[in-house]
Amino acid sequence: MKSQFKIVFAIFLSLLVVVTVDGQTRKGKRKTTSKPKMTVPTFRYNNPIPDYPTDTYSQELLVAAESGDVDAQVLLGICYEDGKGIAKDDSKALYWYELAADGGDAYAMAYAGIMYVVGNGCDKNVSKGFRLIQKSANQGNRVGEVYLGDCYYRGVDGEPDVLKAWEWYKKASEQGSKTAKNRIEEILADEENGFIVTYNPAAWNTEPKAWGVAKKINTPSAYSKYLELYPYGLHSREAEDAYMESTVRKVSSGNYAKLPEGQKVRQSYDSYSNDKSTNNTKYDIEVIYTGPERKRIIIPKGETRSVRLKNGYYEIVAKTVKRTTVHNYYGEMTFDGDYVNEFYIRTTYGY
């Protein structure tokens with residue numbers, strides 16, 4: 001790329017709009033495969049032998065729900081949400097879930113919460129949805145625990161927190177949730193998140209030990225941890241370079257979005273170029289340049305930063321500082337003048 005690049009970030013959070021988990025139908029017995037869904041434990045009835053069908057809409061189910069049977073209310077909500085025996089209607093599904101949640105049903109709290117987070121059958125209200133899911137999880141409901149783990153993992157109501165997500169996935173896994181077990185395996189398989197959840201402070205309690213561990217692991221997270229613990233350590237400059245190189249290596253060899261070309265504003269008349277970037281996104285952005293020299297800058301949201309670089313070919317990575325669910329961007333560029341960049345973002349939340 002021989003011209004300035006303009007980045008348009010497109011975020012696609014990959015949390016699923018949920019209805020079932022662990023291969024079981026929510027509080028029912030029929031397996032659903034029409035769309036990807038998360039898991040829910042087998043339904044426990046308030047009535048040992050209910051006198052209404054539990055897998056489809058019926059007049060008997062409606063009468064039971066209207067009479068205040070909390071289990072029937074949840075099942076009726078599922079019928080409306082999934083279109084089981086009646087026309088699909090998310091707003092009616094939410095109505096029955098909320099009635100059941102008001103009656104103390106932890107499953108209903110999780111189901112209603114997820115609808116508010118996604119905006120199904122209602123205006124999206126992430127904070128309200130998060131509180132309902134949190135209340136379900138705090139009652140020991142494994143569905144709520146999985147959903148709460150997902151909220152923390154994706155940063156649905158704040159910054160992502162892999163450690164908190166890990167804690168809730170572990171709780172749900174101990175109750176037999178296959179979905180939680182899959183989430184745990186996913187975290188461990190990711191070198192960054194796996195490092196975070198398996199971090200052992202004793203191995204990093206001196207600078208020489210920390211540097212040895214960082215080099216052995218050889219990932220951006222490891223070098224970042226060294227720099228966090230020993231910002232003025234003997235190997236801090238080497239760690240900084242290794243962090244930048246390993247980040248570029250990881251992003252360029254993985255699934256990334258390509259940095260689009262942009263506009264050059266001035267030809268270089270010496271051996272240096274200037275790159276001025278404005279962050280018009282909702283997140284703090286880290287930009288890494290590796291080439292004739294290595295540099296990285298942090299651009300807070302809504303602010304502008306400039307970097308002076310020796311002319312030449314560079315590999316460039318742009319990534320958010322904390323959001324693990326946002327696409328990383330990678331590009332190549334030959335600097336030989338002055339450039340002005342703008343970082344944009346368009347968010348499309350599925351969860």
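The structure is a predicted model, in which local features need pLDDT of at least 70 and side-chain atom pairs count only at pLDDT 80 or more, whereas totals for chains, interfaces and linings use all residues. Residues are numbered from 1 along each chain as its sequence is written, and side-chain values use heavy atoms, with hydrogens and water left out.

The protein chain has 12 helices and 10 strands, these elements being DSSP runs numbered from the N terminus (helices, H or I, at least four residues; strands, E, at least two). Of its 351 residues, 51% count as buried, where buried means under 20% relative accessible area, exposed over 50%, and partly exposed in between (1.4 Å probe, protein chains only). Among contacts between residues at least 6 apart in sequence, 59% join residues at least 24 apart, contact meaning heavy atoms within 4.5 Å.

The axes of H4 (residues 106–118) and H6 (residues 142–154) come within 8 Å and cross at roughly 30°; axes are lines fitted to C-alpha atoms, for helices over the stretch in contact, and angles run from 0 to 180 degrees between N-to-C directions. H4 is therefore roughly parallel to H6, on a scale in which angles under 35 degrees count as roughly parallel, over 145 as roughly antiparallel, 65 to 115 as roughly perpendicular and the rest as oblique. Tyr107, Ala110, Tyr111 and Ile114 of H4 make this contact with Val143, Gly144 and Tyr147 of H6. By class, the residues of the contact between H4 and H6 comprise six nonpolar, one polar and no charged, with Ala, Val, Leu, Ile, Met, Phe, Trp, Tyr, Cys and Pro counted as nonpolar, Asp, Glu, Lys and Arg as charged, and the others, Gly among them, as polar.

For helix H1 (residues 59–66) and helix H2 (residues 70–82), the axes come within 8 Å and cross at roughly 130°, so that H1 is oblique to H2. H1 passes H2 in a left-handed crossing. On the H1 side, Leu61, Leu62, Ala64 and Ala65 meet Ala72, Gln73, Leu75, Leu76 and Cys79 of H2, and the contact of H1 with H2 holds eight nonpolar residues, one polar residue and no charged residues.

A search of the whole structure finds 15 salt bridges, each defined as a side-chain nitrogen of Lys or Arg within 4 Å of a carboxyl oxygen of Asp or Glu. One of these is formed by Glu192 and Lys250, whose closest N and O atoms are 3.7 Å apart. This pair links distant parts of the chain, with Glu192 in helix H9 (residues 191–198) and Lys250 in helix H12 (residues 236–252), 58 residues apart. Glu192 counts as buried because its relative accessibility is 16%, whereas Lys250, at 30%, counts as partly exposed.

Salt bridges also occur within single helices. In helix H11 (residues 220–229), Glu228 and Lys225 lie three residues apart, about one turn of the helix, and their side chains meet in a salt bridge of 3.4 Å, N to O. Glu228 is exposed, with a relative accessible area of 55%, while Lys225 is buried at 16% relative accessibility. In H12, Asp241 and Arg237 are four residues apart, again about one turn of the helix, and the closest N and O atoms of their salt bridge are 2.7 Å apart. Arg237 is partly exposed, with a relative accessible area of 49%, and salt bridges that share partners join Arg237, Asp241, Glu245 and Arg294 into one network.

Two further positions were examined individually. Gly194 lies in helix H9 and counts as buried because its relative accessibility is 8%. Not counting residues up to four places away in sequence, Gly194 touches Ile187 and Leu188, and its C-alpha atom is separated by 9.2 Å from that of Ile184, 10 residues apart along the chain. Glu303 is placed in the loop between strand E6 (294–299) and strand E7 (304–310) and is partly exposed, with a relative accessible area of 33%. With residues up to four places away in sequence not counted, Glu303 touches Ser277, Thr278 and Asn279, and the C-alpha atoms of Glu303 and Asn280, 23 residues apart along the chain, are separated by 7.5 Å.

Key:
A crossing is left-handed if the near helix is turned anticlockwise from the far one by less than a right angle, and right-handed if clockwise.
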